[in-house]
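Dear colleague,

Please find below the structure that I am handing over to you. I would be grateful if you could read the notes after it with the model open.

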Amino acid sequence: MHPSEYVRELTEPGGLEPGADDHKEFYSLYDFQKLAKECGYSIQPIEYFDDNGQFHFTRDDWENGYISRSAYNYRGRFTEHAREMEKFLSTTPENLRGQFEESGVSYTSLIVDFSLIGDNHLA
């Protein structure tokens, strides 16, 4: 649900980005919420875009492991190259650009924790 059309074209299954050829599906937080419920898990969203393209980030401690494709850790194509950042922003709806310009965030994977209902351990 990333709001940049350019990012979606690069990363979609079969997309233009090297490595996109192994992507099979775009999932949303809502897909994972449904799956968790069906399987008896609860879900804690960490990083995601909602259906309005707004970015949400709820944790930055990473005590459960390092994730390179997180908003906090990702440094690459958009954050390090002005031309790429311009393509990224120009294909993002104007009302959503500020969240990227202010935070320096450009790219993140959907990051969630699944937990068995009634269990304090991550699955």
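This is a predicted model: local features need pLDDT of at least 70, side-chain atom pairs count only at pLDDT 80 or more; totals for chains, interfaces and linings use all residues.

Residues are numbered from 1 along each chain as its sequence is written, and side-chain values use heavy atoms, with hydrogens and water left out.

Helices (H or I, at least four residues) and strands (E, at least two) are DSSP runs numbered from the N terminus. Three strands form an open sheet in the order E2-E1-E3, with antiparallel pairing; two strands pair if DSSP finds at least two bridges between them. Strand E2 (55-57) and strand E3 (111-116) are the edge strands, each pairing on one side only. On average, neighbouring strands of this sheet are turned by 30 degrees against each other, direction ignored. Strand E1 (residues 41-49) pairs with E2 over three bridges in the antiparallel sense, and Glu47 has Phe57 in E2 as its bridge partner. Helix H2 (residues 29-38) packs on the sheet and touches E1 and E3, its direction making about 175 degrees with that of E1. Axes here are lines fitted to C-alpha atoms, for helices over the stretch in contact, and angles run from 0 to 180 degrees between N-to-C directions.

The largest nonpolar core has 14 residues, and Phe78 and Phe88 have the most contacts inside it. Such a core is a set of buried Ala, Val, Leu, Ile, Met, Phe, Trp, Tyr and Cys residues joined through side-chain atoms within 4.5 Å. Helix H1 (5-11) and helix H3 (82-90) each supply at least two residues of this core.

Gln99 is placed in helix H4 (residues 98-103). Gln99 counts as buried because its relative accessibility is 16%, buried meaning under 20% relative accessible area, exposed over 50% and partly exposed in between (1.4 Å probe, protein chains only).

A search of the whole structure finds seven aromatic pairs. Rings of Phe, Tyr and Trp (its six-membered ring) pair if their centres lie within 6.5 Å; planes under 30 degrees apart count as stacked, over 60 as edge-to-face and the rest as tilted. The rings of Phe32 and Phe114 are edge-to-face because their planes stand at 70 degrees, with centres 5.8 Å apart. Phe32 lies in helix H2 and Phe114 in strand E3, so this pair ties together parts 82 residues apart in sequence.

With kind regards

Notes:
Contact means heavy atoms within 4.5 Å.
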